[in-house]
Each structure stands twice: as structure tokens, then as C-alpha cells.
Amino acid sequence: MSLTSPAWAACLGAGVPKANNLYLMFANTATPYLEFGQLPNSPTSPAQPFSLSGIPSYGGTAAALQTAVQSVVEMDFCEFNVRVHATNAFPPTTLPRRNIVAVTTQNAIADGLLSKPQRLDTGDLYQVDYSYVYGGTFQSWLGGSGGALNGINSTVTRWANALGGSAALAAANNYGVSNSTAVRPGEDSASRHIMSTGGAVTPEDRVGYRRHFSDTSFSVLASNVGLSFKTMWNWDLVNPNAQTAHALEMTVLYPSATPPVIGWYYGQSPAECHSPWKTPTVTGPTGPAQAFHDGIYYPYTVRWDTPNPYWGNGPCTGATGAPGQAIGGAYYHIGATFTDIDPNTTVINALVVKDIRLYGATNNLLSLKPRLHGLDAGTFDPFGSFRLSVFNLAETATLLRNVELRELPRVVGLNEMVVGGRIADANGEEFQPWNSRTLVREAKFDVGQSLAIPVAKVGQQRHVSEVITAEDCQRQRAGDAIGDPVPVPCTPRVNVDLFPSTTLYLTADTVEPNATFWDAKQRKYVTGPLSTRTYYQVTGRRLDQNKNGIDDFIDAHAPAAQAK
């Protein structure tokens with residue numbers, strides 16, 4: 001039986017295909033399972049059922065707790081190329097990449113175990129992995145009188161944080177992420193991180209807070225399993241017409257005859273109130289393939305016309321007009337993420353904005369439109385430089401200003417890609433970039449002109465690199481425990497983050513120096529500079545110059561990893 005979880009659509013993107021499938025198995029009865037328990041008090045086969053009799057201090061329903069645990073794990077993995085499923089029986093074997101977590105109420109307090117992975121799968125070498133959660137250990141440890149899961153503290157949320165955090169940790173071990181209490185400058189405490197265990201995490205940390213992946217763990221996980229999007233876009237725009245705009249369309253160029261998929265889009269919460277519209281759609285191809293830039297591209301139309309009920313409400317100020325309407329001269333904001341229909345591809349396909357159009361109440365084309373520069377997803381030149389290309393595809397000369405680039409260890413939430421937005425993830429957790437720099441102060445672009453901007457070098461040092469040897473594996477500990485984690489099988493291999501970082505986050509201004517636009521205050525058309533702003537995030541990539549499907553850093557260091 002599949003279980004229904006809350007609609008985390010803003011981050012998860014329900015329609016986005018994902019290649020990795022993480023199953024939470026809340027078995028109704030003892031179920032044959034892989035035996036990797038090793039310790040005498042923590043067998044893993046058969047997998048014991050999820051039964052409230054094993055956690056008597058919890059007073060809610062099993063269904064409510066299972067749904068809440070799934071929601072915790074979904075949010076832990078929401079930015080990744082991982083789909084979280086819940087089931088009450090052993091999951092099907094039809095999907096090739098499976099990570100199965102038996103979430104039980106079995107008690108392993110004698111071994112101090114909260115969860116245990118089958119292995120520390122460095123580099124995520126194995127396609128099918130298993131892990132185990134001992135929910136009854138939480139009962140013995142924290143469910144007694146005065147405990148963090150007893151009495152008024154025994155809520156569905158606190159139990160879900162406990163069980164979901166241990167499940168996420170074991171699943172991440174099986175995806176190749178090591179346990180660690182290391183903290184980068186600017187990060188929050190290790191007690192707030194999923195991969196911390198033992199004395200680094202107090203009982204209240206486990207149950208009172210949904211922990212998250214640290215910068216380093218996030219970077220490794222993103223490299224091993226991929227992210228759920230390829231490019232993420234937000235724009236600040238102005239309606240230059242006196243007439244009200246009821247819809248916006250973009251013509252975009254995309255190097256595939258299969259259209260990109262929109263996952264996350266701006267306008268799904270009360271705080272996302274700067275956009276008149278929500279739920280953009282993609283149609284096309286709308287014409288024949290054409291040669292452009294580095295290959296063959298197809299034109300598609302992305303359209304915003306569904307009214308956003310939050311437009312102008314809540315924390316937003318200055319917005320006027322009804323939902324679905326941007327009046328003349330109005331500032332507004334739109335945004336969306338795009339990925340490929342094939343979740344297994346590691347190619348980062350560019351999506352280049354070619355044109356913007358605004359439509360009136362009768363779907364009539366308005367005469368004036370905003371201007372934007374196009375951006376690709378980055379290419380390598382023959383000299384080992386990784387470059388982002390900027391294009392002026394408008395019918396007039398433009399200026400490019402204030403191009404700022406940040407290399408990030410984690411994904412900035414789409415809702416934060418706004419004026420005054422923080423460097424924070426989808427859940428509001430702030431973090432620090434690896435670095436930040438200005439690429440361009442100002443550049444003039446004539447019609448049809450492009451500029452390739454170097455942003456990284458092939459030989460530069462990676463932000464995260466872990467060479468785990470066979471000797472390291474003998475000392476390796478994994479899983480979740482009250483004390484120190486236990487030894488588990490380990491794969492001697494290499495973990496490395498994406499190149500040049502988990503994501504690249506670019507902000508830039510497009511200025512049309514002599515634009516004609518409606519000035520709402522003067523109530524007349526004026527001529528002068530009109531600026532729009534782009535917020536662009538693109539995923540890093542495996543640096544694979546020899547095209548063997550393995551990151552070149554791993555190729556270079558694999559012998560060291562395998563050495564004893």
C-alpha cells in the first residue's frame with residue numbers, strides 16, 4: 001500500500017522524473033530482508049513490522065507517524081535526484097536504482113543502534129542498497145518518564161524527526177556519504193546535521209528539530225546521486241506598456257526535441273507574492289530545429305497566465321492589480337526550474353531565453369516588452385577553461401551590468417532568488433558560498449553579440465574530495481547510534497563534489513539604455529534606461545573529459561583508494 005505524504009511540491013516537483021528511488025518500508029508483518037545485522041541484538045532479517053506496540057509512549061496512529069516520517073525524509077532529499085516512496089510491504093524490484101530502508105519498531109538498545117546501513121557505499125557504486133531503523137531503541141532510550149519522547153513530548157512531529165533523521169542518515173550512508181561532525185565556517189552546529197551521531201547530537205537535537213545535510217555532505221550527495229533540476233531561473237521584470245498584462249510568454253531555445261520539465265516554480269506560498277502568475281507551462285517544439293551557439297536547438301514557449309492568489313499580499317508591497325494582472329509600469333517577478341525528461345542524464349542542457357512577450361485581456365499582443373540576456377549552462381574551451389556564455393538575442397543594443405557569481409555547496413531556494421534574498425535553502429537554512437566574485441561590471445552588447453566569461457579551470461582544486469582507502473575502511477563507522485557508530489562494510493573509492501561546485505549562482509542586470517516605457521507615476525510614456533534582473537542557478541557537473549562516465553578526479557585517485 002502506498003502512503004500519501006504532504007504535497008511538498010515547491011521543492012520536490014511532483015512531475016519531475018528522478019532516477020534514484022528511496023523506499024521507506026513500514027512492514028505490516030515480519031518480512032524477509034537482507035541480513036547484515038552482524039551484532040547479536042540487531043538482526044535485519046526478517047525485517048520486523050512497524051508496530052505501535054514497540055513504541056508505547058507514542059499515542060497517535062501508525063498511519064499519521066508513517067506519513068510524517070516520509071515527509072521528513074522527503075524534505076531531507078528534496079533537492080536531490082531521489083524519489084522517496086513509502087510502502088507497507090517489500091518494494092517492487094522493477095526500478096533499477098533502489099535504496100530500501102526498513103523502518104521498524106524493533107529494539108536494539110543492547111547494541112545502542114538507531115539505524116544501520118548495509119554498507120558505506122563510497123561513490124554510490126552499488127545500484128541496490130538496504131538499511132534498517134530500530135525505532136524501539138528510541139522508545140527504550142527516550143520514551144520513559146521525563147524522556148524527550150514521553151508525555152507531552154511524545155508528538156508525531158518529534159517521533160518523525162527521530163525516526164526520519166535516522167532513516168535519512170542510513171540511506172545517505174548507502175549513497176556514499178560518510179558520518180561526520182565537521183563544520184565549515186558559517187555553518188550551524190554539527191548537532192543540526194544529519195550525518196552527525198553519538199555525543200555530537202543531544203536527544204533534543206534529534207527530536208525537536210528536523211536536521212539537514214551539512215555543506216560537505218550535501219556536496220557529496222549531489223555528486224553521487226545528482227540534483228532534481230538542471231537550471232533554475234528567476235527574473236525581476238517591468239511591464240513597459242500602459243495596458244495591463246494578463247499573460248507572459250518566453251521563447252526559449254533548448255537542445256532537445258523533448259521539452260524540458262518544470263518542477264519548482266515561483267508563486268507557491270504566501271511569501272512568493274511578487275508574481276502575478278504561477279504554474280508556468282511548456283509547449284513545443286514550436287518550430288524547426290536551428291543551429292545556435294554550440295549545437296542544434298529547438299524553440300519552446302514557456303507561458304505564465306494562471307493567476308497567483310498571493311500576488312501583492314502578505315510581505316509584498318508595491319504590487320497593484322488583481323491576481324493574474326501586471327498593470328502598466330508595474331514591477332513583477334517570475335521564476336521556474338527546468339530539468340530533462342531523462343533523469344539518468346548527467347548532461348546539463350542549456351535553456352536560453354530568446355524573447356519575451358506580454359499579452360492583454362483578450363490575449364492580444366502588447367507592443368512593448370522587457371529585454372533579457374540569454375545564458376547557457378557553461379562549456380569548456382580547448383584551453384581547459386569552463387565558460388558561461390551571455391547572448392544578446394534582443395532587437396536592440398543592451399548593457400550587461402553587475403554580473404556576480406557564487407560557487408555554492410548547496411542549492412539556494414527558488415524563493416530566495418529575489419531582491420534581498422538570502423543564501424538559504426528551500427527550508428530557510430542559511431549557508432555560506434565557497435566563494436563569490438564579480439565577473440562583469442558593465443559590458444555593451446550590440447544586436448546578436450555574445451560574450452564567453454571564464455568561471456573555472458579544469459585543473460583547479462575541488463571544494464570536497466575524499467579518498468577512502470581500504471585501510472580507511474577498516475576504521476570506518478556508519479549508521480546512527482546512541483554512542484559511537486558501528487563498523488560496516490565499506491567501499492574503497494573516492495567522493496568528490498561536482499565541478500566547479502554543487503551549483504553556480506549568477507545574478508545580472510540587463511539594461512536597455514533608450515527604452516520607451518510607461519511611467520506609472522507620471523502617467524505617460526518616457527524614454528530612458530529600463531533594467532531587468534536575472535537570477536540564475538545551474539548545477540555543477542561531473543568533470544569527465546575522457547567521456548567514460550566517471551569524474552576525472554575519481555579516475556586519477558582510484559588507485560590510491562584501492563591501495564592498502
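## Helix 3

Six residues are listed as buried (under 20% relative accessible area with a 1.4 Å probe, protein chains only; exposed is over 50%, partly exposed in between) in helix 3: Gly135, Gly136, Thr137, Phe138, Gln139 and Leu142. Helix 3 spans residues 135-142 and is mostly covered, with 6 of its 8 residues buried. Helices (H or I, at least four residues) and strands (E, at least two) are DSSP runs, numbered from the N terminus.

The cover over these buried residues includes strand 3 (98-104), strand 4 (113-117), strand 5 (128-134), helix 4 (156-174) and helix 5 (203-207).

## Model and confidence

This is a predicted model, in which local features need pLDDT of at least 70, side-chain atom pairs count only at pLDDT 80 or more, and totals for chains, interfaces and linings use all residues. Residues are numbered from 1 along each chain as its sequence is written, and side-chain values use heavy atoms, without hydrogens and water.

The pLDDT (the predictor's confidence in each residue, from 0 to 100) averages 91 over the chain, and 94% of the residues score at least 70. Residues 1-8 have pLDDT below 50; this stretch has 22 contacts in the model beyond near neighbours in sequence, a contact being heavy atoms within 4.5 Å.

An open sheet has 7 strands in the order 8-14-6-28-27-19-20, with antiparallel pairing. Two strands pair if DSSP finds at least two bridges between them. Strand 8 (261-265) and strand 20 (435-445) are the edge strands, each pairing on one side only.

Strand 27 (residues 499-519) and strand 28 (residues 524-541) run antiparallel and are joined by 16 bridges. Tyr505 stands opposite Gln537 in strand 28.
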